[in-house]
Each structure stands twice: as C-alpha cells, then as structure tokens.
Amino acid sequence: MLKIAIVARNENVSSDKDKTIMNYCLPTKYIKAMPKGIGFITVCADEQLGDNMEEYLEYIANEADGLVLTGSCIDVPPRYYGEEGINGWTYPLDEFQFDKKLIELFEEQGKPILGVCAGSQDINVAHGGTLHQDIENHCKKPDGYTHEISIKEGTFLYEVYGEKAQVNTYHHQASKDPAPGFVVSAVSEDGIIEAIEKGNIIGVQWHPEKQMDKHFFEVFFKKFFNYEA
C-alpha cells in the first residue's frame, strides 16, 4: 500500500492547570480529495518530542513514500529568511524547523513532496527563498471565492490544468523570491506567485483539498508515484 505522511497542524493551545495541551487537527478534506486506497501517516509538530524529534522524523521519512505539508495558521518566523517581523507580530510557535527537517529527509531519499499554502511557503524558505509577510485582501475574500492563475507551459501544473485555472484564496502570505532551482509555475492576476516546482517537489498557494479538486491529486499521484486508484 502507498503510504503518505501528512502533517497535522496546531489549531489552538489550551491549559489544564499546570499542563499545556496542544490540539492538532488534520482536515478530513485532504483524505477525501485524494485517490482511494492510500494509507496515511499523521505527523504532529509536537515540541514535547524534544531530543526525540529527529529520530521520530527519520522514522516517518523511512516509512512513508511521500510527504504532504498542509496549510497552517502559524507563519514561518521571518528570521528564517533574513527579515524582521512587521507590525509588531510575534511568533509563539515555531513549526518551521520541524517542517524543514521533514523536507530535508524526504528530499534526501528522492521522495515526492507536496506543500499546500503554508506548506508551499515552508518549501520555499527551506530552500533559500523569501516570503511576502502580508498580502492585502488575499485572505479576506468570502468563502468560495476564486481567482484566475496563469500557468507556465512544461510544468506539472500545466499537465493538470493547461494555461489557466480558477483557484481559491485563503492566504495572507506567499512566496516573494523563489528559492534557487525552483520554477515559478503559476502566478495570479495581481502577480503573486501561486506555485513553485522543482522535480517532484510541488508547492501550491491555494487549497486544492478545499475545492475537492480530485483531478489535481489524481495527476499528482499518477505522475510521481505511478499510482491510480
């Protein structure tokens, strides 16, 4: 069975007396949108792993055939791409080191990686790219809003959609300077980078799982895993 590691994200942190409780969530839409018959290994960026984190992630990378970095409400701290935070923002949780290590481990083994929204931003920063820290109006559209993207010929996304596609808008950050070696495979009408690619590493700024875009996932798994349900 094909096994995919998929990252659950921290939705909120609650306290029970002296104990901090980390609440992780994996949206079921990811599972529903992907081809049937795939096994999933849920990965949690739990800071309580401490010194055991690297061993844990190495086990995940060895067991799984590929990695899906899901969206997150926690931004990449800008110090990782050489900037200071704007508007006095603070970054109480740091998921980036966890995600970066996962990216490195899967890439070392040549295993496919898909980053969605914040996952795409993780991929870009992990390879030396930078981010727009805040994009006006991109996360303030009504639910179900879509916009058009233009797609570069010869890319994975071109295989999926052709020259144009309608995608949703949920993000307030995006890739600014693409990492060395990555191709910008899609841009929005206002010039924002919507997708980056390098071989079997794909990052998309929108949420195909929220659109239940089964065609996107079918092409992804067929191309990079030779898998068809």
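Colleague: By class, which residues does the lining of the second largest cavity have?
Modeller: Four nonpolar, one polar and five charged. Ala, Val, Leu, Ile, Met, Phe, Trp, Tyr, Cys and Pro count as nonpolar, Asp, Glu, Lys and Arg as charged, and the others, Gly among them, as polar. One caution: this is a predicted model, where local features need pLDDT of at least 70, side-chain atom pairs count only at pLDDT 80 or more, and totals for chains, interfaces and linings use all residues. Residues are numbered from 1 along each chain as its sequence is written, and side-chain values use heavy atoms, with hydrogens and water left out.

Colleague: What counts as a cavity or a pocket?
Modeller: We use a 1 Å grid over the protein atoms alone. A cavity is a set of points where a 1.4 Å probe fits but cannot get out. A pocket is an open set with protein on both sides within 12 Å along at least five of seven lines. Lining residues have an atom within 4 Å of a point.

Colleague: How many cavities of 30 Å³ or more are there?
Modeller: Two. A volume is the space filled by probe spheres set on the points, with grid points joined across faces, edges and corners.

Colleague: Which residues line that second largest cavity?
Modeller: Arg-9, Ser-72, Ile-74, Asp-75, Val-76, Glu-95, Phe-96, Asp-99, Ala-118 and Asp-122. Two elements give two or more residues each: α3 (96–108) and α4 (118–126). Helices (H or I, at least four residues) and strands (E, at least two) are DSSP runs, numbered from the N terminus.

Colleague: What about the largest pocket, what volume does that have?
Modeller: About 450 Å³. It is lined by 24 residues, with Gly-71, Ser-72, Cys-73, Cys-117 and His-207 nearest its centre. β1 (3–16), α1 (28–33) and α4 each give two or more residues to that lining. α4 has the largest share, three residues. By class the pocket lining has nine nonpolar, eight polar and seven charged residues.

Colleague: α4 again. Is that helix mostly covered or mostly open?
Modeller: Mostly covered: eight of its nine residues are buried. Buried means under 20% relative accessible area, exposed over 50%, partly exposed in between (1.4 Å probe, protein chains only). Among the buried ones are Ala-118 and Asp-122. Gly-128 follows α4, with a positive phi near 105°.

Colleague: Switching to β7. Which side chains point to the buried face?
Modeller: His-147, Ile-149 and Ile-151.

Colleague: Which strand pairs with β7 over five bridges?
Modeller: β8 (residues 164–168), in the antiparallel sense. Two strands pair if DSSP finds at least two bridges between them. Thr-146 has Asn-168 as its bridge partner in β8. β7 also runs antiparallel to β10 (residues 183–188), joined by three bridges. There, Ser-150 stands opposite Val-187.

Colleague: Last topic, aromatics. How many pairs?
Modeller: Ten. Rings of Phe, Tyr and Trp (its six-membered ring) pair if their centres lie within 6.5 Å; planes under 30 degrees apart count as stacked, over 60 as edge-to-face and the rest as tilted. Phe-156 and Phe-216 are edge-to-face, 5.9 Å centre to centre with 75° between the planes.

Colleague: Why does that pair tie together separate parts?
Modeller: Phe-156 lies in α5 and Phe-216 in α6, so the pair links parts that are 60 residues apart in sequence. Phe-156 is buried at 3% relative accessible area, and Phe-216 is buried at 0%. Both belong to one aromatic cluster that includes Phe-217 and Phe-220.
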